[in-house]
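Here is a short report on one protein chain. Take a look at the sequence and the model before reading on.

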Amino acid sequence: EVQLVESGGGLVQYGGSLRLSCAASGFTFDDYAMSWIRQTPRKELEWLSFINSDGDRSSYAESVKGRFTISRDNAKNSLYLQINNVNPGDAAVYYCTRMQGWALDYWGHGTQVVVSS
């Protein structure tokens, strides 16, 4: 059974940083590209970043480029998202997703980020 379990969310101060993690199991992790998606308090979904299966190619939404860094550790079956200079617009539920081609075929349950001023 494919499982994606996010962690690392919580309360973060405006201007602070945090790192989200996603533990993957039930499939061969290094066979798949992965993405991070977030859902805002208004329930809007926003694609954030993609990383290929080898971890040597990534891309970002323009809205987060320069502040977010995606990475993966295939030996640990883990995906990460470093978020720097947090702002109120980053408050959301963050989801780790597996990619099948360009489709997002499995999602985790999400980890919530709350931004305090």
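Two strands count as paired if DSSP finds at least two bridges between them. The model shown here is predicted. In it, β1 and β3 pair in the antiparallel sense over 5 bridges.

## The nonpolar core

In soluble globular proteins, nonpolar side chains tend to be buried together. Here the largest nonpolar core has 29 residues. Those with the most contacts inside it include Leu 20, Trp 36, Phe 68 and Tyr 94. Among the elements that give two or more residues to this core are β3 (18–25), β4 (34–39), β8 (78–83) and β9 (92–100). β3 supplies the largest share, 4 residues.

What does Leu 20 touch, not counting residues up to four places away in sequence? Its contacts include Trp 36, Leu 79, Leu 81, Ile 83, Tyr 94 and Val 113. Ser 7, Gly 8 and Gly 9 are also among them.

## A buried arginine

Arg 98 is found in strand β9. Is Arg 98 buried or exposed? Its relative accessible area is 6%. That is under 20%, so Arg 98 counts as buried.

The side chains of Arg 98 and Asp 105 are joined by a polar contact of 2.7 Å. Leaving aside neighbours within four places in sequence, Arg 98 also contacts residues including Leu 4, Phe 27, Tyr 32, Met 34 and Tyr 106.

Definitions and conventions:
Residues numbered from 1 in each chain as written. Predicted model: local features only at pLDDT ≥ 70, side-chain atom pairs only at ≥ 80, totals over all residues. Heavy atoms only, no water. Core = buried A, V, L, I, M, F, W, Y, C linked by side-chain atoms within 4.5 Å. Buried < 20%, exposed > 50% of the residue type's maximum accessible area, 1.4 Å probe, protein only. Contact = heavy atoms within 4.5 Å. Polar contact = N/O pair within 3.5 Å; in protein donor to acceptor, adjacent residues only side chain to side chain.
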